[in-house]
Amino acid sequence: MITESDRYYHRLAFAYAAAVAAVMGTLLLEIPVQLSDSFTEFTAVHGRSLWQVTAAEFYNGTYFRPFRRALIKIVYDASAGHYYLAFRGFQALELLLLLLLVVRMLRVRSAAGLLSLPLGLAIVVGIHTFAGTVREGLPINHFLTILICCAAAVNLAQGERSPLTDVAAVALLTVATLTIESGLLIWTIFAATYFVGYRGISRSALIALTACIGMYFLGRFVLIGGGAPGLNERSAGFGFSVLSPDDLVRRFGDNPLPFYAYNFLCAISSVLLAEPRGGVWAFTRELTSGRPEPWQVVNVVTSATTTLLIARFAAVRLPRWRTAWRAEAGGEDGFDDADRFTILFLVVLPFNALFASGYEKDVIMSPAGLFYAAAAYFVFRELLSGAKFAIGPALVLVVAVGWSVRFVGIHDNLRARALSVQDEWAYYDDWARNQPNDIHLNAEEQAIRQHLYEDAVLRAPRVPQLSLGVLDRMFDLTQ
Amino acid sequence: MTRRILLPPIAAFALVALYVVAESFGFDGLAAAEPTTVSEAAAMGRAARALQLMAEGQDPNRPQHIASGVLDSGEYEVRPLEAAILGRHLEMVRLLQRSGAARFDMSRAICFARARLPEVLPELGAEHAASPDAPAEIAAAITICMQAQAQ
């Protein structure tokens with residue numbers, strides 16, 4: 001039963017999320033369409049039909065992401081030549097949609113919920129796994145698209161059960177899996193939400209979703225004959241440094257399993273402790289040499305403390321979860337939202353890490369980062385609601401201050417990104433010379449290049465980098 | 001006590017939001033110094049800004065002012081290419097050359113390069129010289145090269 005006061009808190013929560021998205025979106029709109037990973041996408045979709053673009057991606061070797069480029073094609077055609085506005089505007093709208101869906105799934109219906117929301121959203125956008133979804137254009141950031149799908153999946157699962165919801169769930173899974181490999185996580189989310197008691201999706205739909213996953217693997221690896229990326233495709237972090245593809249093949253070519261296991265564990269640790277980053281234990285390295293950067297300390301202390309709070313909460317609730325599990329299986333309410341989101345995070349984390357086992361990168365873990373933030377939000381809400389689980393107020397304050405610094409830091413990071421993308425375009429000739437394949441542009445492609453160049457270099461808004469003196473070192477600009 | 005967890009994130013959001021709004025009204029109190037000449041942009045390695053200023057009509061082949069705090073505490077009048085050398089921005093030197101900012105007597109630029117950025121010497125048409133252990137101080141390099149040119 002939702003009361004008028006519930007609706008009041010919920011509306012305020014939506015307003016706050018929209019305000020956060022508006023501020024961040026303003027900074028996003030200052031970033032030109034980037035050169036790397038974006039310009040060539042434009043030339044790839046230009047002059048081809050949507051079907052041609054999509055079909056070509058079905059047979060793209062180790063990557064299977066046909067809808068990723070299809071979405072780029074749709075926005076490209078809709079832009080009518082206003083690339084900068086269309087692609088950056090689309091990313092800002094995606095951000096708004098994500099935050100609204102997150103607030104909706106958090107079901108903010110109490111004063112404690114509302115008071116916890118600013119910190120919860122600060123974690124959503126301030127965590128290092130999120131940075132890559134807004135810093136990078138690509139030109140449509142498929143990791144951000146997957147985050148939206150994750151939040152949408154939970155929203156569907158929380159809704160009223162209906163045939164339409166079931167159809168929407170299958171459609172969502174299909175879109176996500178064909179956008180990028182980590183879209184398969186949507187199935188994990190649907191399955192986990194079902195078992196913790198969100199029953200907006202029927203058991204039959206869950207079976208259909210499972211069949212879709214089977215068809216995905218059958219289609220991708222048997223019918224189409226695709227493979228997984230090899231060790232020789234890119235550099236990767238290992239230990240205290242980054243290994244080149246040749247080094248990786250030399251060390252793990254005969255048996256890559258230890259490398260995959262290393263990445264899996266690093267991905268989990270990265271979400272929980274903000275260390276390592278990209279497989280490199282940089283904070284540990286700097287700590288042993290006695291000179292960690294202030295931002296590294298902020299990141300690691302904040303994440304480790306938040307993880308401690310979530311772990312403490314889970315430990316206190318664990319006995320209750322056993323009985324709640326039986327109640328849910330019997331069709332009764334056993335878990336509350338705080339339990340459910342903590343369990344969802346614990347399920348999503350290892351599944352998400354599987355996708356990072358070939359190549360550990362912060363942004364790959366962005367879905368786990370999203371559920372980490374949601375779990376933390378519920379821990380704070382429970383604390384404010386008076387739940388007793390022996391946590392020192394000072395510890396909570398450390399968490400609140402730390403995440404607030406990281407929240408400001410991501411905005412500073414976006415401003416720095418605007419300037420670096422402008423400079424990236426200024427060096428177009430150097431970039432073109434360093435590409436593995438020669439870049440030969442026809443007249444139309446030259447025109448696109450010139451348009452993007454002028455947007456980035458000659459018509460770009462003047463956006464000064466912030467200078468906060470010693471405080472600048474508190475912000476992680478490496479993301 | 002626990003209710004105070006609201007304050008830091010709200011303060012952080014208010015700070016960022018206020019700054020974004022204030023900036024749209026022209027406030028630049030927390031902004032790092034923006035280059036106003038091509039030479040300043042070159043000295044700071046700000047490639048896009050250098051090209052913007054050139055497109056706005058600044059002549060990259062003439063000496064331009066560099067404010068105190070850009071290269072070091074001194075104020076200088078040097079050409080953009082020279083400023084890029086003094087700031088040790090190799091890519092910037094190449095970009096300026098491609099952009100037509102190398103149409104002047106190169107003797108002073110070569111002198112700067114010997115003191116600050118020897119790896120760019122071949123691209124300036126001079127013989128490559130071994131890199132010193134550490135680049136010369138900017139003020140010292142300018143003094144030496146100005147004197148050499150005067151003689």
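**Helix 15 of chain A**

I began with the buried residues of helix 15 of chain A and found W295(A), Q296(A), V298(A), N299(A), T302(A), S303(A), T306(A), I310(A), F313(A), A324(A) and E328(A). I counted a residue as buried if 20 or more other C-beta atoms lie within 10 Å of its own, as exposed if 12 or fewer do, and as partly exposed in between, with C-beta atoms placed from the backbone. Helices (H or I, at least four residues) and strands (E, at least two) are DSSP runs, numbered from the N terminus.

The model is a predicted one: local features need pLDDT of at least 70, side-chain atom pairs count only at pLDDT 80 or more, and totals for chains, interfaces and linings use all residues. Residues are numbered from 1 along each chain as its sequence is written, while chains are lettered from A and ligands numbered from 1 in the order in which they are written.

I then looked up what covers these buried residues; the cover includes helix 7, helix 13 (257-273), helix 14 (282-289), helix 16 (337-355), helix 17 and helix 18 of chain A. Contact here requires that the C-beta atoms of two residues, placed from the backbone, lie within 7 Å.

Helix 15 spans residues 294-329 and has a kink of about 50° at L318(A), shortly before the proline P319(A). The bend at a residue is the angle between axes fitted to the seven residues ending there and the seven starting there. After helix 15 comes G331(A), with a positive phi near 85°.

Two packed helices are described by the angle between their axes and the distance between the axes.

**Loops and backbone geometry**

I next examined the loop between helix 7 and helix 8 (142-158) of chain A, where P139(A) is found. A cis peptide bond joins L138(A) to P139(A), with omega about -20°. L138(A) lies in that loop too, and it has a positive phi of about 70° although it is not a glycine. L138(A) counts as buried because it has 21 C-beta neighbours inside 10 Å.

I found a cis peptide bond from E275(A) to P276(A) as well, with omega near 0°; P276(A) lies in the loop between helix 13 and helix 14 of chain A.

R107(A), in the loop between helix 5 (83-106) and helix 6 of chain A, is not a glycine, yet its phi is positive at about 50°. With 16 other C-beta atoms within 10 Å, R107(A) is partly exposed.

**F252(A)**

F252(A) lies in helix 12 (residues 245-252) of chain A. Leaving out residues up to four places away in sequence, I listed L231(A), P258(A) and F259(A) as its contacts. F252(A) and L231(A) are 21 residues apart in sequence and 8.1 Å apart in space, C-alpha to C-alpha.

**The two chains**

I counted 20 helices and two strands in chain A, and seven helices and two strands in chain B. The radius of gyration of chain A is 23 Å, which agrees with the value near 23 Å for a compact globule of 479 residues. Chain B has 20 Å, whereas a compact globule of 151 residues would be near 15 Å. The radius is taken over C-alpha atoms, and the globule rule is 2.2 Å times the number of residues to the power 0.38. Buried residues make up 47% of chain A and 40% of chain B.

**The interface**

Finally, I noted that 38 residues of chain A are in contact with 30 residues of chain B. Helix 18 of chain A supplies the largest share of chain A's side, 14 residues. That side divides into 28 nonpolar, six polar and four charged residues.

Notes. Nonpolar A, V, L, I, M, F, W, Y, C, P; charged D, E, K, R; others polar.
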